[in-house]
Amino acid sequence: MKYLYETHMHTCQGSACGGSTGAEQARFYKALGYQGIIVTDHFFGGNTRVDRSLPWETWVDEYCKGYEDALEEGKRIGLDVFFGLEQNFRGDEYLVYGIDKAWLKAHPGIVRWSRRELFEHIDAAGGCVVQAHPFRDRMYISKVLLGRQFCHAAEVANSGNDALNDAQAYAYAREFDLPMTAGTDHHVAGDVELLRPRMFGVTFDQPLRSIHDYVSAIRNHAPMGIFTGAYADRFAIKEEYVPCTTYWMDENEQPVPTNRHWLHPVK
């Protein structure tokens, strides 16, 4: 038996782009047959819902309401619910796991941390950082920035991505031996059967007892299944394509062209 977990999802209580409460999302995932979910609402640097002018501890309390709503409902219906967050820098976003509300309240400086500072603090706390949808190429993203030295793993399958973006992320993670994760990047609970084909996640042979089991799996390169719903050939790009320009983030977090196409470019 495989245990399926959502690693990347949002609520309307924590994310301005969310369309469902934590409780609504919990019921949705339970109906889909997931063992659990990790709530990763948009944090202070991204599309957060919470007023940034609030005092820090109040801001954190408000930010965590989506997770806490999902947690309460999850306990009632038998769904594992864990806490995470998604922080944005310059279009490159990072999923953070292994910390909690108390840790956030004790670290108000997180709102000003660079990518390196975020990685070092989370790493020291025993958590992990995963670059979300690293090859996402959209109008609102000025450069595709790869923060390999600022994360423990890469999200190689994201339901909100084009398949090409995911195929590039998969090739990138394989080359640099980065642990691979998958998530739906889900924002709105809806019709279960209509949305089922596009729901992503990760699978394990045993249920996760806490978020720290998930962190440990990433940090120790433990076996983890990549679930891509109806898209079993998610990483098999057969047609030729026009590659996008990608950039490394150097030691000073400045973009440097990779001069790489990651897949076979158009001749």
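Reader: Hi! Is arginine 209 buried or exposed?
Author: Arginine 209 counts as exposed, at 73% relative accessibility. Keep in mind that this is a predicted model.

Reader: Thanks. Which side chain does arginine 209 meet in a salt bridge?
Author: That of aspartate 213, with an N to O distance of 3.0 Å.

Reader: And how many salt bridges does the count come to?
Author: The count comes to 18. One of them pairs arginine 116 with glutamate 251, at 2.7 Å from N to O.

Reader: Where in the chain do arginine 116 and glutamate 251 sit?
Author: They link distant parts of the chain, 135 residues apart. Arginine 116 belongs to helix α5 (residues 115–124), while glutamate 251 lies in the loop between β11 (246–249) and β12 (255–257). As for accessibility, arginine 116 is partly exposed at 25%, and glutamate 251 is exposed at 55%.

Reader: Nice. What about glutamate 193 and arginine 196?
Author: Their side chains also form a salt bridge, 2.8 Å from N to O. Glutamate 193 is exposed, with a relative accessible area of 53%, and arginine 196 is partly exposed, with 33%.

Reader: Which residues are linked in a network of salt bridges?
Author: Asp61, Glu68, Lys101 and Lys105.

Reader: Switching to helix α3: how many residues has it, and what does it reach end to end?
Author: Helix α3 runs over residues 65–77, so 13 residues, and reaches 18 Å from first C-alpha to last, close to the 18 Å expected at 1.5 Å a residue.

Reader: Which residues of α3 are buried?
Author: Gly66, Tyr67, Ala70, Glu73 and Gly74. They are on the same side of α3, because they cover an arc of only 135 degrees around the axis. On the other side, Glu72, Lys75 and Arg76 are exposed.

Reader: What covers the buried residues of α3?
Author: The cover includes α1 (22–32), β2 (36–42), α2 (56–63) and β3 (80–88).

Reader: What follows α3?
Author: Glycine 78, which has a positive phi, near 85 degrees.

Reader: Last topic, cysteines. How many disulfides does the count come to?
Author: The count comes to zero.

Key:
Residues numbered from 1 in each chain as written. Predicted model: local features only at pLDDT ≥ 70, side-chain atom pairs only at ≥ 80, totals over all residues. Heavy atoms only, no water. Disulfide = S-S within 2.5 Å. Helix = DSSP H or I, 4+ residues; strand = E, 2+ residues; numbered from the N terminus. Buried < 20%, exposed > 50% of the residue type's maximum accessible area, 1.4 Å probe, protein only. Arc of directions from axis to C-beta. Contact = heavy atoms within 4.5 Å. Salt bridge = Lys/Arg side-chain N within 4 Å of Asp/Glu carboxyl O.
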